[in-house]
Amino acid sequence: QVHLVESGGGSVQAGGSLKLSCAASGYTFSRYSMGWFRQAPGKAREGVATISPGSSRVDYGDSVNGRFTISRDTAKNTLYLQMNSLNPEDTAMYYCAVARTAGYYARPSEYYAYDYFGQGTQVTVSS
């Protein structure tokens with residue numbers, strides 16, 4: 001049974017940084033693409049970043065490109081999201097997700113290719 005647990009969220013001031021983690025279990029982590037998604041109240045879900053099983057491909061949403069970095073540690077079955085230069089528009093609940101199909105890679109805009117299992121971690125950025 002797939003189990004994802006996000007952590008690392010919090011409250012920061014604009015310009016600050018946070019690093020999110022997602023501990024994965026219940027499946028073969030190394031075979032699946034992973035992604036970070038976020039959703040703010042009253043807004044649509046947004047793809048933040050995605051990474052292929054072997055980390056050879058990464059993609060970012062336009063609003064975070066150049067500020068966020070996605071990575072994964074297969075030995076620890078953990079996904080990360082380093083977030084720098086945060087601004088109030090980054091305020092949202094952040095979720096990690098695993099691709100529906102082993103070996104398949106989908107970009108952040110292709111959110112339908114991912115399943116959501118984590119409870120999310122809240123990020124709040126104040127101006």
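**Rings, charges and a sulfur link**

Modeller: Start with R72, which lies over the face of F29, 4.4 Å from the ring centre. Keep in mind that this is a predicted model.

Biologist: Which other charged end sits over a ring?
Modeller: That of K19. It sits over the ring of Y80, 4.7 Å from the centre.

Biologist: How many aromatic pairs does the whole structure have?
Modeller: The search finds 4. One of them is Y27 with Y32, which is edge-to-face. Their centres are 5.5 Å apart, with 85 degrees between the planes.

Biologist: Are Y27 and Y32 buried or exposed?
Modeller: Both are buried. Another pair is F37 and Y114, which is tilted: 5.4 Å centre to centre and 55 degrees between the planes.

Biologist: What does the pair of F37 and Y114 tie together?
Modeller: Parts that are 77 residues apart in sequence, because F37 is in strand β4 and Y114 in strand β10. F37 is buried at 0% relative accessible area. Y114 is buried too, at 1%.

Biologist: New topic. How many disulfides are there?
Modeller: The structure holds 1. It joins C22 to C96, with 2.0 Å from S to S. The link is right-handed, with 50 degrees about the S-S bond.

Biologist: Where do C22 and C96 lie?
Modeller: C22 is in strand β3 and C96 in strand β9, so the link ties together parts 74 residues apart in sequence.

Biologist: And is C22 buried or exposed?
Modeller: Buried, at 0% relative accessibility. C96 is also buried, with a relative accessible area of 0%.

Methods:
Residues are numbered from 1 along each chain as its sequence is written. This is a predicted model: local features need pLDDT of at least 70, side-chain atom pairs count only at pLDDT 80 or more; totals for chains, interfaces and linings use all residues. Side-chain values use heavy atoms; hydrogens and water are left out. A disulfide is a pair of cysteine sulfur atoms within 2.5 Å. Helices (H or I, at least four residues) and strands (E, at least two) are DSSP runs, numbered from the N terminus. Buried means under 20% relative accessible area, exposed over 50%, partly exposed in between (1.4 Å probe, protein chains only). Rings of Phe, Tyr and Trp (its six-membered ring) pair if their centres lie within 6.5 Å; planes under 30 degrees apart count as stacked, over 60 as edge-to-face and the rest as tilted. A charge sits over a ring if NZ of Lys or CZ of Arg is within 6 Å of the ring centre and within 35 degrees of the ring normal.
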